[in-house]
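Keep the 3D view open as you read, and follow along residue by residue.

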Amino acid sequence: MGKTVNKKLKLGFGVLKSCPYNRNSIIRDQSLSKMGNTTYKKLKGSQNLRQRLVLSTLASTPLLIEEIRAEDTWPGLCPHEVSLLRLIEKVCDDCIVEINETGTKLKYKPGTVMGGKNLVHDCGVSRSIGYFLEPLILLALFAKKPLSIRLKGITNDSKDPCVDTFRSTTLPMLMRFGVPSEGLELKIESRGAPPHGGGEVILTVPTVEKLTAVNWLDEGMVKRIRGVTFSARVSSQFENAMIRSARGIFNRLLPDVHIFTDHKAGPQAGKHSLSHKEMAFHGRSPGYGISLVAETTSGSFISADTTVSHAQLGEVGEIEDEEKSVLTPPEDVGEQIASFLLEQIEQGGVVDLTHQGLLFLLCALSEPDVSKVRIGKLSPYGIETLNSIREFLGLKFSINQDPSTGTLIFLGMGCGYKNVSRKIS
């Protein structure tokens, strides 16, 4: 976005716009020094990088992270983390990103979140598109203009929530906090499985002036289960097998179960290969998976998803061993993910473990009012997010156990973040 000043290249990582950052949305944090001197908040390690970058951007807090995997065999930032930085640079104006020669030190000076139309970003094949969606959505809500962006890469994998889960569970969750449904959409153009990807989605996100606090304690009872299976470069019978095994578990508990199929072939099934050399090893990127969501009588959505495919590039197994790997039978996939969804429901709470971090961030950024939310057990990702919120926003929340159900009651005051740069039409 905008013009690029003093554009450099540092060992392939790049450093990007050099202009003053936006001072209008600074949130007071007593632990920070005076921002006029461009004092950087210093942190160490690679953990929770996505939340740190989002909160640094929204709080206009320059960030210095050192010792990023300094002791690892492959030190420094990973390809997907560099791609995330480039994505943030793409939707923001006047931000500066500097990475040292080894990639173990990152200096980030945030700018203004601009949004924009018809943007395109290649997420690569190190992580799936789901890795990028959560931070991108949070930033886009507080952009100057609505966001419309095409994301390319892996749509379904076993590491991150798949694009189907974002569409069926994450987007409805945003509406709880006052995000309008108009202009909020995730369209799946094509599928892409590891290791080569080739999938594409189009994300549109409206802007908001502020987020509303929520009183979300009623879990409700599960009234229906919906889902979608996908298969790319394998027989469509794989999807039928997953559906049969999943329904075999659900139909004993409730009748309203519908799981749809999404078989892709040709260009919509992702890339065959990335090069002739890799084609000799890989040939193609077959994959199949399933995404399930349980909707309750109170309007909560509990999700679970999984994908079966060959290892992503650089993972254990490597290229020469990939063709020797055996994929999990689709019958087992359907049964396992159905059982996992039931475990998520049994733990209680209005969101599943995957969405805890996003839930806490939305509560923290909401209007200065108390949010009350019921959750199941606290996930490691949720704990890391709470630590990041305390680091950047200075907020602390109360979490107490409800003795009658064993669930946890999350209680906290929002920081009252407002989108001062939003363009009013």
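## A proline pair in a loop

Start at P195, which sits in the loop between strand 9 (185–190) and strand 10 (199–205). This is a predicted model, and in it the peptide bond from P194 to P195 is cis, with omega near 5 degrees.

## Two residues with positive phi

Next, turn to E67, in the loop between strand 2 (63–66) and helix 2 (79–91). Although E67 is not a glycine, its phi is positive, at about 55 degrees. Is E67 buried, exposed or partly exposed? Its relative accessible area is 46%; exposed would need over 50% and buried under 20%, so E67 counts as partly exposed.

N118 is another non-glycine residue with a positive phi, of about 55 degrees. Where does N118 lie? You will find N118 in strand 7, which covers residues 116–122. With a relative accessible area of 69%, against a cut-off of over 50%, N118 is exposed.

Helix 5 takes in residues 237–250, 14 residues in total.

Which residues of helix 5 are buried? They are E239, A241, M242, I243, S245, A246, I249 and F250.

Technical notes
Residues numbered from 1 in each chain as written. Predicted model: local features only at pLDDT ≥ 70, side-chain atom pairs only at ≥ 80, totals over all residues. Heavy atoms only, no water. Helix = DSSP H or I, 4+ residues; strand = E, 2+ residues; numbered from the N terminus. Expected span 1.5 Å × (residues − 1). Buried < 20%, exposed > 50% of the residue type's maximum accessible area, 1.4 Å probe, protein only.
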